[in-house]
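Have the picture ready and follow along.

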Amino acid sequence: MTKRSAIWHSILLGTIVVISSVLIGKAELVQAENKTSVANRETIKPLLADPDEWILTYHDEFDGTELSDMFIPKLLPYWNTNTPRYEVQTPVYDGKLHLQIDNGQPDFLDVPGVTANGFKVSGVMGGMRDFVHMNHYGLEIQDHYPAEDKYVTKYGYFEIRAKMQGGGGMAPAWWMVGFQDDKLHTAEIDIFEVPGNDPTTLYFSLHAWDDPKLENVSLPVQTGIDLSADFHIYGFEWDPQYIRLYIDGVQKAQINQSPDYRMMTILSLNQHENNPWLGPLDTNLPNPKDFQIDYYRAFKKVEQLEGENEQLPSDDLIYGVNLAETAYASISNYSVAQYKMNPPYLLNDGDSRTGIFSKEDPDFPQYIYLDWTTPKTFDTVGLSCSNCLEQGPTNWEVQLSDDGISNWTTVAAVSDMQWAQRTEAIETEELRFAVAKNKKHLRIQINDAHTKWGQFSINEIQVRLSNNIAWHASVAADGFDMTAEGSNLTHINDGLDDSALISTQNPQFPQYIYLTWEEARSFESITIKCQYCKKQAPTSWEVEVSEDGIADWTVIASSGNIVWQGQDERVEAATLSFARVSDKKGLRVKVSDAKLHQDRFAVNEIKVYSNNLALAAKGSGTGLSDYSKANLINMNDGDDTTGIVSVENPSMPHYIVLRWEAGQSFSNVSVKCKFCQGQGLKNWLIEVSEDGESGWQTLASSGDVAWQSNTSDTELKTISFSPVSNKKGMRLKVNSAYLDWGHYAVYEITVN
C-alpha cells in the first residue's frame, strides 16, 4: 500500500458508485437444523414434471412456533439507519411463516436520495454479512452484524407455497442475492415481486449489479388470477445456463443467463407510502399486513450435490495456520465508496501487499471484525503494514465476544507499538494471550495510529494457534541472575531472539530452566536459541518432562556436545526432536555444560513445538550443496531464517526427504522460501512411503507456483490433501525451480 493509494481513495470518495462486496473467507455450507422438518424427507417432491430427478436437501415447513436455523429473522439490517438491531415482524404460527407489517412499526430506512419516507419491511434471510447487496451510495456500516451462513448455495430447484399481500403500496417478494464470495458476485434474482396494486402480475428479473458477465432482464408475467386471494406454489429452477419461474407446476418464464456463484435467499414484504410503481398506500388494508409462506424447500440433482453436505472442519487444534483467512471481515464506519476501493477481504486474503485504508481523519476507536462460521482456537493475533511509521496502528486491542455483538472482552493490548519502517517493507507485530478456545467472533479495536497522510492502514491480519507452546508456560530457573543487566525470566519465552536469560557468575552445573503449563500439553521438539554462541551458550543439556511439573522428572532427549558456529550477535538455534510426549504439565532443560565468556552463559529463547511433524523428522536429500548436506536440520528446525540450497545448475528431478521412526498421520505440507522468484521451487510433487524407503506414492502436486516477491520476506505455499496415516516417509519430488542465481533454496518444510 502506498501514499498514492490513499490519494486515489480520496478521489473515489467523491464519486457515486454502486457497491460491490468481496468474500473474506469461504463459509462452509451447513445442513440447517430443521426444528420443524417432516418425518420422511423422501416423500417430499417438487411440483415438476420430473420430480424423481430431484433430492430434497434443505427445507422448513414452518410447523412449529419459530424459524428453523435456515433463516435469520432480519432483513438487510446493516441498511437500517433508524432502528439499529430492529428485528422485523416474522412470527411463525398455524403452520406458516407470516411476514407482517404493523401500522405502528418504525420506518426501516430513511436516506435522502435513496428511498422515500414511510418504507417499512418484514423479512428473513439465509445469510448475513455487512455490505452484502449494499448498492446505495448513501449507506455506511455503523452497526456491525456478525456474519452467518445459514443457507447460501448455488444451483438447484427451490419452491415455496405462499399467499401474497395485495393492496396499494405493498410488495411481497422472493429473491436471491450474491453472497459476494468475490467482489463481482453481486447479482440479484427476483423470483417474484408482486405489486400490490396489481396482484395478477409478478415480475421475474435478473439484475447484474457489478457482475460484468450478466445483463439486466425484467419479465412481467401476467397470471390472470389474483395471487393475493389464495395460496399458490412458486418454483424457481437455477441451472448453469438459465433460470426459470414456475407457478403451480407450470413454467411461466425463462431467462437464458445465470449467476455462477453462491447466493442467499431473501423473503420479504415491503410497504411504501407513495411509490409510483406500487401506487399510494391503501390505508384500508387490515392490520397487520401479512405475506404468508407455508413452506420453503430446496432440491438438488445428483450432479449438483457435490459439496452441498460437506463435513464441517473438526474442532481439533490447528497449529500455525492463519485462521483469519477463513473468516469474514468487516470494518466499522466504512462507506460504500470506501468499500469499493478497499474491500475488507484485503485484510485476510493472504497477501501482505494488499490492505485497507481507514476513512480520512478517523475518529478513534475504529473496529475491525472477524467472524467464523465454525469455532476456532487461537492465541496470537498479528497486524502487518507498510510505511508503518507513517500509517500503522500504534494502540490496539484484541477483543472476543461469544455472540459477536455484546460483552466484548479484551484479551491483549498494546499502547505504544514501535514500528521501524517508513518504506514499502512489510512489518508484522503480534500480540499473544492465553489460548482462546472455540471462538467465532474477534474484533480489533484501533485506539490510535500514525496518520501522516490522514489515514491509517493495515495490510494483513493473522490469527493463529502458535505451535510454539512455550509462549503459554510459566518460567522458573535455578542459578540465573535476575539482577544482571538485560536478564529476565520472561525473556526465555517472549518470542524475541535479542533478549536473554543470563546465568549467575561461575555457575555450578547442572543448572535448570523450567517451563510449566496450567493444562497438560503434548509436544515433540525443543529449540534453544543463543547469540555469541561460541562464547556464552550451553553446550550440553538434557530435556526432562513431568506430568505435574513438580516431581518425577524423566529424561526424553539429550543434546550431546553442541558445537556452535558464531562469535557475534547472529542468532543460532539447536533443535532436539523426540518421540511425541503427551499430557505433560512440566518441561525442564538440565544444562550440564556451557561456554562461560565473562564467567556466564546465556539463553536467548526456548521454543517448544507441537503438531509440526517435520520437527521430529530426519532429513535427507539429493542434489544439495555440501553445506546443506552438513546442515540438513535447517530445513525442518522451525526457524525460517535458515534453509538448504541445491548444487549449482541442478539437473532435476531432485528429492527432499523427511523420515520418522514411527508412522505419522498428516494432511498438508508447506514449503517456505525467501527471494522466491529468484530461487524458490517452481513445481513439485508430494510423495509418501510406509517405510520411508520404498513404495513411494504421489499424493498431490503443486502445479507451477508463481511466487509474489524477490525479497527477504518469507513466503509459504501449503498443499493440502486427504489425510494419510502410518507413513514413515514424506518427500518432495522437485521437478523444476527458479534458478536466477543458478540454484534453488528451501528455508523450511512443515508437515501437519
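Is tyrosine 203 buried, partly exposed or exposed? With a relative accessible area of 23%, tyrosine 203 counts as partly exposed (buried is under 20%, exposed is over 50% and partly exposed is in between, using a 1.4 Å probe and protein chains only).

## Ground rules

This is a predicted model, where local features need pLDDT of at least 70, side-chain atom pairs count only at pLDDT 80 or more, and totals for chains, interfaces and linings use all residues. Residues are numbered from 1 along each chain as its sequence is written, and side-chain values use heavy atoms, leaving out hydrogens and water.

## Rings that pair up

Rings of Phe, Tyr and Trp (its six-membered ring) pair if their centres lie within 6.5 Å; planes under 30 degrees apart are stacked, over 60 edge-to-face, and the rest tilted. That gives 29 aromatic pairs. Take tyrosine 203 and tryptophan 277: their ring centres are 5.4 Å apart and their planes sit at 70°, so this pair is edge-to-face. Tryptophan 277 is partly exposed too, at 35% relative accessible area.

There's also an aromatic cluster made of Phe62, Phe71, Trp174, Phe192, Tyr234, Phe291 and Tyr296.

## Nonpolar cores

A nonpolar core is a set of buried Ala, Val, Leu, Ile, Met, Phe, Trp, Tyr and Cys residues joined through side-chain atoms within 4.5 Å. The largest has 59 residues, and Trp396, Leu442, Ile461 and Val463 touch the most other members. Apart from that core lies another of 48 residues, including Leu67, Phe71, Ile189 and Tyr234.
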